[in-house]
Each structure stands twice: as structure tokens, then as C-alpha cells.
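Please keep the sequence and the model in view while reading.

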Amino acid sequence: MNQTKPIELYFWTTPNGFKVSIALEEMGVPYDIHFIAIGRGDQFKPEFLKIAPNNKIPAIIDPEGPGGQPISIFESGAILAYLGRKFGKLYPTDERKRVAVDEWLFWQMAGVGPIFGNNHHFRNYAKEKIPYAIDRFVNETHRLYGVLNKRLEGREFVADEYSIADIAIFPWSRNAQNRGIDIEEFPNVKRWLAAIEARPAVQKGLAIKPPLDINLATDDQAQKILFGQRAS
Ligand SMILES: N[C@@H](CCC(=O)N[C@@H](CS)C(=O)NCC(=O)O)C(=O)O
């Protein structure tokens, strides 16, 4: 590891945020956290939009990017792949193995993230409860748990060896009951979740807590927390 300056992680305590904190912990990469309180709209601030034009966490700045120059990256899948390539960890270089990791990483990004996100939205947040939308997203969530359960039949991790693909899928798949799923129906997923949850780096990545008062902070205070000082 020849990273001398920490990676700047723009983060909130959500599944997409935890993907990156877990990956950084697993790879043993130094990082500083900048909390982006999405509940108070910090993701729309111009400073953040410069590095994350889609106004969503996570994002990173690597001060020691390609050519020794800083690089900013948004989209959790792009971040995980970058970290895997840069630090040579959890992202195999053998092409067949890498394709398998990519398949499951993209499966998470294009399938699990949006579908589980809509599941939460229509079950928990939508003011009007729309049975069609709830059924559609719970059924599709159930199908995706089934796909994962089948993939994990006789396999320890989704691409055999533990990788950034597992790290992408894990934070979204735990607490299945919160999306109307009975995990007992999916014993391979249950076993896989327990194995990942037991990893010390995963526990550290999940343990990050924002400053208690961040949602109440004035704009000025929040700016300091978000952009001016080390928050971890
Ligand atoms: N595809 C994006 C999704 C990121 C995402 O949905 N982030 C949520 C939190 S988990 C967010 O920042 N939401 C704020 C907003 O939509 O305004 C990624 O994987 O990075």
C-alpha cells in the first residue's frame, strides 16, 4: 500500500454508503469521512455536485489518483471497481474471475439497488399506499433473493472468492424483513449474510455514525462538518 493521503469519502449511513466504507476497511485504505446529510438536502449543495453530479452519495476523491493527480468518482460500482483495481484487492485480475465479479456487481447496481430502493419507497415512505406498486416491488425483490440464493448454492461467495460484488450486494440484502422478505426461505443467502457480517472490517464499515446534531446544524456549521474538517 503506497497511499500516503487518505481517500476522501462523501458518505451517509445508507446501503450505498456502507458499500464503500466496508470496501475501504477491507482493503485497509486510509480514509476521511465527509457526512452528506441527505435528509437535510446536503447532496444538492454546489460543492458536492461538483464531484457527484447525480446528487447522491457515495462519492470519493482520491488525492493520489492516476498520474499522482486527484480524481473524483461517483456511483458506488465505479468506486468499488476503482478501489479494487488500484489496491489489487477483492477484484481478481484473471479475466474469467473478473467477469464473474462484474456480472454480480452490475446485477446489484442495475437490479437490487433500484428494486429494493423502490420496495422501501412504496412500502414505507409513499404517503399513498398503492397496492400495485407494493406488490410489484415486493415480488421482484423476492425474485432477486431467489436468484441470489440459487447462485450461492454450493458457493461460498457470489463469484466464489469474497469480492467487491459481495460487498455491493451485502448492505442491501441484510435485514430482509424490512422489505417484506422472510430470510428463512433463502438459506444460502442467510448463511452468506452471516459469514459477511462476522468479518471485522464489515463491522467497522457498518459502525460509522454521523455527528448527532448534523441534521439540525445550521448551514454554516454543516459546511464545516461536510467540507472543512475531518468528521471521523
Ligand atoms: N446508483 C447510485 C445510487 C446512490 C443512491 O441512491 N444514494 C442515495 C442514498 S443510498 C442518495 O444519496 N439519495 C439522495 C437523493 O436521492 O437525493 C450508487 O450506487 O452510487
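A residue counts as buried when its relative accessible area is under 20%, as exposed when that area is over 50%, and as partly exposed in between. The model discussed here is a predicted one. With that cut-off in hand, Gln108, a residue of helix 4, is buried because its relative accessible area is 1%.

Leaving aside the neighbours within four places in sequence, Gln108 is in contact with Lys19, Gly113, Pro114, Ala168, Ile169 and Trp172. Between the C-alpha atoms of Gln108 and Ala165, which stand 57 residues apart along the chain, the separation is 7.8 Å.

Lys19, one of those contacts of Gln108, belongs to helix 1. Is Lys19 buried or exposed? With a relative accessible area of 1%, Lys19 is buried. When neighbours within four places in sequence are set aside, the residues in contact with Lys19 are Ser76, Leu80, Gln108, Met109, Ile167, Ala168, Pro171 and Trp172.

**How the helices pack**

Two packed helices are described by the angle between their axes and the distance between the axes.

| Helix pair | Angle between axes | Axis distance |
|---|---|---|
| Helix 4 (residues 95–125) and helix 6 (residues 164–173) | about 15° | 8 Å |
| Helix 3 (residues 76–87) and helix 4 | roughly 155° | within 10 Å |
| Helix 1 (residues 15–27) and helix 3 | about 5° | 10 Å |

Helix 4 and helix 6 pack at about 15°, and helix 4 is therefore roughly parallel to helix 6. Their crossing is left-handed. On the helix 4 side, the residues that meet helix 6 are Val101, Trp104, Leu105, Trp107, Gln108, Val112, Gly113, Phe116 and Gly117, while helix 6 contributes Ile164, Ala165, Ala168, Ile169, Trp172 and Ser173. Sorted by class, this contact of helix 4 with helix 6 holds eleven nonpolar, four polar and no charged residues.

For helix 3 and helix 4, the axes cross at roughly 155°, which means that helix 3 is roughly antiparallel to helix 4. Helix 3 passes helix 4 in a right-handed crossing. This contact involves Ser76, Gly77, Leu80 and Arg85 from helix 3, together with Arg98, Leu105 and Met109 from helix 4. By class, the contact of helix 3 with helix 4 comprises three nonpolar, two polar and two charged residues.

Helix 1 and helix 3 pack at an angle of about 5° and are therefore roughly parallel to each other. From helix 1 the contact takes in Asn16, Lys19, Val20, Ala23, Leu24 and Met27, and from helix 3 it takes in Ser76, Ile79, Leu80, Leu83, Gly84 and Phe87. The residues of this contact of helix 1 with helix 3 divide into eight nonpolar, three polar and one charged.

In soluble globular proteins, nonpolar side chains tend to be buried together. In this model, the largest nonpolar core has 69 residues, of which Ile60, Leu83, Val189 and Trp192 touch the most other members. Helix 4 supplies the largest share of this core, with nine residues. Not counting residues up to four places away in sequence, Trp192 touches Leu148, Leu152, Glu156, Phe157, Val158, Asp166, Ile169, Phe170 and Ser173.

**Loops and backbone features**

Which two residues are joined by a cis peptide bond? They are Ile57 and Pro58, with omega of about 5°, and Pro58 has its place in the loop between helix 2 (46–51) and strand 3 (59–62). Asn55 also lies in the loop between helix 2 and strand 3, and has a positive phi of about 45° although it is not a glycine. With a relative accessible area of 24%, Asn55 is partly exposed. Leu90, located in the loop between helix 3 and helix 4, is another residue other than glycine with a positive phi, here near 60°.

Gln177 sits in the loop between helix 6 and helix 7 (187–197), and is exposed, with a relative accessible area of 52%. The C-alpha atoms of Gln177 and Val101 are separated by 27 Å, and the two residues are 76 residues apart along the chain.

Conventions
Residues are numbered from 1 along each chain as its sequence is written. This is a predicted model: local features need pLDDT of at least 70, side-chain atom pairs count only at pLDDT 80 or more; totals for chains, interfaces and linings use all residues. Side-chain values use heavy atoms; hydrogens and water are left out. Axes are lines fitted to C-alpha atoms, for helices over the stretch in contact, and angles run from 0 to 180 degrees between N-to-C directions. Helices (H or I, at least four residues) and strands (E, at least two) are DSSP runs, numbered from the N terminus. Angles under 35 degrees count as roughly parallel, over 145 as roughly antiparallel, 65 to 115 as roughly perpendicular and the rest as oblique. A crossing is left-handed if the near helix is turned anticlockwise from the far one by less than a right angle, and right-handed if clockwise. Contact means heavy atoms within 4.5 Å. Ala, Val, Leu, Ile, Met, Phe, Trp, Tyr, Cys and Pro count as nonpolar, Asp, Glu, Lys and Arg as charged, and the others, Gly among them, as polar. Buried means under 20% relative accessible area, exposed over 50%, partly exposed in between (1.4 Å probe, protein chains only). A nonpolar core is a set of buried Ala, Val, Leu, Ile, Met, Phe, Trp, Tyr and Cys residues joined through side-chain atoms within 4.5 Å.
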